[in-house]
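User: I have a structure open and would like to go through a few parts of it. Can we start with what the terms stand for?

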Amino acid sequence: TLPGVEVSPQTEKKADEAAKIAYEGNVEEGVKALDDSIASATDSYDKFVFYSQKATVLFNSGDKDNAIIAAKSAYEIEKNASSAALVGQIAKSMNDTVVALDYYKKALGLVDSNSPFATLDREEYQRLITEIEGAS
């Protein structure tokens, strides 16, 4: 599952099992398992976790078009720095600098000041923003 995201053991197990299926070579089956988990989840945070995992699986398998759709769905459910940065990362890899810049700026503004990684996260998002702005 996502670093720094705390979920129930049941949700974590489902997300990890789906990712394992995908990473063992059956991406379609892993994504289907995540879609089933999304459909049956009653908790919005669980849906966020499943959408985020789906985006990661799709991105890592090279399906960036569907990955960004899943990442944006995750962001709409749980607007936080990690979900915004995930959309930014996928958009950047697609050379969509407008969307990447927008979401990295959102991530920068959403960094949790109480996080032990707040300073590092802010520095990383600012570095990415500067890099994209410099390349545009």
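Analyst: Helices here are DSSP runs of H or I with at least four residues, numbered from the N terminus. Keep in mind that this is a predicted model.

User: Ok. Where is Phe 59 then?

Analyst: Phe 59 sits in helix 3.

User: Is Phe 59 buried or exposed?

Analyst: Phe 59 is buried, because its relative accessible area is 18% and buried means under 20%.

User: What does Phe 59 touch?

Analyst: Leaving out residues up to four places away in sequence, Phe 59 touches Lys 64, Ala 67, Gln 89, Ile 90 and Ser 93.

User: And how are the C-alpha atoms of Phe 59 and Leu 128 separated?

Analyst: They are separated by 19 Å, and the two residues are 69 residues apart along the chain.

User: Back to helix 3. At what angle do helix 2 and helix 3 pack?

Analyst: Helix 2 (residues 27-40) and helix 3 (residues 44-60) pack at about 165°, and their axes are 9 Å apart. Angles over 145 degrees count as roughly antiparallel, so helix 2 and helix 3 are roughly antiparallel to each other. Their crossing is left-handed.

User: Which residues make the contact?

Analyst: From helix 2, they include Val 27, Val 31, Leu 34 and Ile 38. From helix 3, Phe 50, Tyr 51, Val 57 and Leu 58 are among them. The residues of this contact divide into nine nonpolar, two polar and three charged.

User: New topic. How many salt bridges are found in the whole structure?

Analyst: The search finds ten salt bridges. One of them joins the side chains of Glu 76 and Lys 79, at 3.1 Å from N to O.

User: Why would side chains pair like that?

Analyst: Side chains of opposite charge can pair when their charged atoms come close.

User: What about Glu 131 and Lys 92?

Analyst: Their side chains meet in a salt bridge of 2.8 Å, N to O. Glu 131 lies in helix 7 (residues 118-135) and Lys 92 in helix 5 (residues 81-93), so the pair ties together parts that are 39 residues apart in sequence. Glu 131 is partly exposed at 37% relative accessibility, and Lys 92 is partly exposed at 29%.

User: And which residue does Glu 124 form a salt bridge with?

Analyst: Its partner is Arg 127, with the closest N and O atoms 2.8 Å apart. Both residues lie in helix 7, three residues apart, which is about one turn of the helix. Salt bridges that share partners join Lys 92, Glu 124, Arg 127 and Glu 131 into one network.

Terms used:
Residues are numbered from 1 along each chain as its sequence is written. This is a predicted model: local features need pLDDT of at least 70, side-chain atom pairs count only at pLDDT 80 or more; totals for chains, interfaces and linings use all residues. Side-chain values use heavy atoms; hydrogens and water are left out. Axes are lines fitted to C-alpha atoms, for helices over the stretch in contact, and angles run from 0 to 180 degrees between N-to-C directions. Helices (H or I, at least four residues) and strands (E, at least two) are DSSP runs, numbered from the N terminus. Angles under 35 degrees count as roughly parallel, over 145 as roughly antiparallel, 65 to 115 as roughly perpendicular and the rest as oblique. A crossing is left-handed if the near helix is turned anticlockwise from the far one by less than a right angle, and right-handed if clockwise. Contact means heavy atoms within 4.5 Å. Ala, Val, Leu, Ile, Met, Phe, Trp, Tyr, Cys and Pro count as nonpolar, Asp, Glu, Lys and Arg as charged, and the others, Gly among them, as polar. Buried means under 20% relative accessible area, exposed over 50%, partly exposed in between (1.4 Å probe, protein chains only). A salt bridge is a side-chain nitrogen of Lys or Arg within 4 Å of a carboxyl oxygen of Asp or Glu.
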